[in-house]
Structure formats: structure tokens, C-alpha cells
Amino acid sequence: MRSLIRRLFAGAPPQIPDADWSATVDRLPWVRSLDAPSQAKLRTLAALFLHRKTITPVAGLELDDRARLALAALCCLPLLAFGEEGLHGWSQLIVYPDAFRVNRSHVDAAGVMHEWDDELIGESWDSGPLVLSWADVESDIAEPDAGFCVAVHEMAHKIDALDGLLDGTPPLPRDWQRAWAADFQRSFDAFVERVDAGEEMPIDPYAAEAPEEFFAVCSEYHFSAPALLREVLPDVAAHLARFYGVSPFDAKI
């Protein structure tokens, strides 16, 4: 695998050895649930990911070649229907061993600067790196149907930003974009109203933070709990099934 990565960066056609790909299929329940053509497409996308992106473990973390391949496959799940253009605009995946702290600052209306630390499990920078917690990636793999997949969440942000706006609406044909924006906004507003009323939600209430987080969280549920997403947010689920393709966990039913 190491020699493969060297060849990829040297410009050789990207290929993943059969043994390494078989191990990835066995390791990742989402991939194992895909049909053969979808697995083959994901394999090609994962190879392109390894070719185009630098995967940088930090804070003492070490990743072997198969862990890197697993990360590439997870990040490419949302691209099965969208395609390799979803890899445009950034070049690095940074991986922390666990949740990481990020310093935030904000100037309020009175001109007062506020600073605080956020503890994150993933982050997507505008035109910059995608950042993941390896412990949380492994937790998602261990419970693939729990409604969470941090790699999908952050990749949804990358796709969302491709049209220049991080607003919960990815690049789409004009007619679909209008229908998407209307349905997502209506669903988001209703979701926020229920969260603000203190209602216990079956979907992660973090989705109420902003339209872009609503899209990213719902993307996680499309891949990890599609039946629940259809029950709670049917219009959103229908758009995501069209955008991402059939959820792997629906494909095996």
C-alpha cells in the first residue's frame, strides 16, 4: 500500500490492491452493504482521494495504510452519485487522535471581543483542510446505524461550499435547487421550532444550529439511519436519496 501511495503521487494511474480493498469492505459496514457496481465506484473515488489529498495525523497519532484507505472510503461515500468534483477546492485531511480544541473569537454589537474554546470531533475549513477525530471515526464504524458519521458530516460541508456559499444547499440544477431550498428551509424552520420548544428530538438537535448544519446532520442520518430520517423529515430524506443515491443501509434491505 505504501508503494501504491508513492506511485499515486508520482502520477501513476490510481489503483488499490485487491487485498487492501477487501479489508476495507470488511471493515466498513456502509461499504459492505453497497452493491458491486457501487463498491467499484467507491474504490475508484477512494483511490483519487489518496492521490489528491494529503492525510496528516497529528498529536502523536499514527495511521497505517489501511486506516488511511478507510478514511478515504468514508470521505468518498457522499460522492457516489455526486462524483469526483466533490474533491475540488481543498488538499489536506488532518486527523487528531481524539476530540480537539479550537479557539473561537467574536466581536459583539458593542465592540466587545469574546474568546472561548470549542471541543470538536470534526471541522471543515473554507478552502482549507478537513479535520477529523480518529476516535470518533472508529466509534462511527463500531455503531454504523446510530445516526452519526463525522466523515460524512464534514464532507457534506465541503460539497455544500462548492457553489461559494455554505448555506445547506449544494450545487444543483436550477429547478432542483429551488425545490431543495424551499423544502429544506420549511423543514429546518419546523425542526428549530420543535427544538426551541424543548421537544425531545429523534434527530440530533445540533441540526438546529444553522441551515448548513441541518444539511450535514441529515446527511449523516441518510447514511446511518435512513428509515428514521424518512419518518421524521420525509421531504429532506427524499432530496438526499436523490442527491446521494440509495443509502447503503436501504440497499441491503
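Me: Two strands count as paired if DSSP finds at least two bridges between them. With that in mind, which strand pairs with β1, and over how many bridges?

Reply: This is a predicted model. In it, strand β1 (residues 54-57) pairs with strand β2 (residues 92-96) over four bridges, and the sense is parallel.

Me: Which residue stands opposite T54?

Reply: Q92 in β2 stands opposite T54. Between β1 and β2 the chain passes through helix α5 (residues 65-76), and this β-α-β crossover is left-handed.

Me: What about the pairing of β2 with β6: parallel or antiparallel?

Reply: Strand β6 (residues 130-133) runs parallel to β2, and four bridges join them.

Me: Staying with β6, is L130 buried or exposed?

Reply: L130 belongs to strand β6. Its relative accessibility is 0%, so L130 counts as buried, the cut-off for that class being under 20%.

Me: And what does L130 touch, beyond four places in sequence?

Reply: L130 touches W90, Q92, L93, I94, E123, E154, M155 and K158. As for H157, it is 27 residues from L130 in sequence, and their C-alpha atoms are 9.4 Å apart in space.

Me: On to V137. Where is it found, and why is it classed as buried?

Reply: V137 is in helix α6 (residues 134-142). V137 is classed as buried because its relative accessible area is 2%, and the class requires a value under 20%.

Me: Which residues are in contact with V137, leaving aside neighbours within four places?

Reply: V137 is in contact with L71, L74, L132 and V150. For another reference point, V137 and G122 are 15 residues apart in sequence, with a C-alpha to C-alpha separation of 9.6 Å.

Me: Now E213. Which helix is it in, and is it buried or exposed?

Reply: E213 is found in helix α9 (residues 211-224). E213 counts as buried because its relative accessibility is 13%.

Me: What does the side chain of E213 have a polar contact with?

Reply: The side chain of H153 is the partner, in a polar contact of 2.9 Å. Setting aside residues up to four places away in sequence, E213 touches H153, H157, Y206 and A207.

Me: Change of topic: how many aromatic pairs does the structure hold?

Reply: There are 17 aromatic pairs in the structure. One of them is formed by W180 and F215, with 5.7 Å between the centres and 70° between the planes, an edge-to-face arrangement. This pair links distant parts of the chain, since W180 lies in helix α8 (residues 174-196) and F215 in helix α9, 35 residues apart.

Me: Are W180 and F215 buried or exposed?

Reply: Both W180 and F215 are buried.

Me: Which residues form the aromatic cluster?

Reply: One cluster consists of F82, W176, W180, F184, F188, F191, F214, F215, F223, F243 and Y244.

Me: Last item: which residue lies over the face of W176, and at what distance from the ring centre?

Reply: R242 lies over the face of W176, at 3.8 Å from the ring centre. Elsewhere, K53 lies over the face of W90, and there the distance to the ring centre is 4.1 Å. W90 is also among the residues that L130 touches.

How values were computed:
Residues are numbered from 1 along each chain as its sequence is written. This is a predicted model: local features need pLDDT of at least 70, side-chain atom pairs count only at pLDDT 80 or more; totals for chains, interfaces and linings use all residues. Side-chain values use heavy atoms; hydrogens and water are left out. Helices (H or I, at least four residues) and strands (E, at least two) are DSSP runs, numbered from the N terminus. Buried means under 20% relative accessible area, exposed over 50%, partly exposed in between (1.4 Å probe, protein chains only). A polar contact is a pair of N or O atoms within 3.5 Å; within protein, one must be able to donate a hydrogen and the other to accept it, and residues adjacent in sequence count only if both atoms are side-chain atoms. Contact means heavy atoms within 4.5 Å. A crossover is right-handed if, with the strands pointing away from the viewer, the path from the first strand over the helix to the second runs clockwise. Rings of Phe, Tyr and Trp (its six-membered ring) pair if their centres lie within 6.5 Å; planes under 30 degrees apart count as stacked, over 60 as edge-to-face and the rest as tilted. A charge sits over a ring if NZ of Lys or CZ of Arg is within 6 Å of the ring centre and within 35 degrees of the ring normal.
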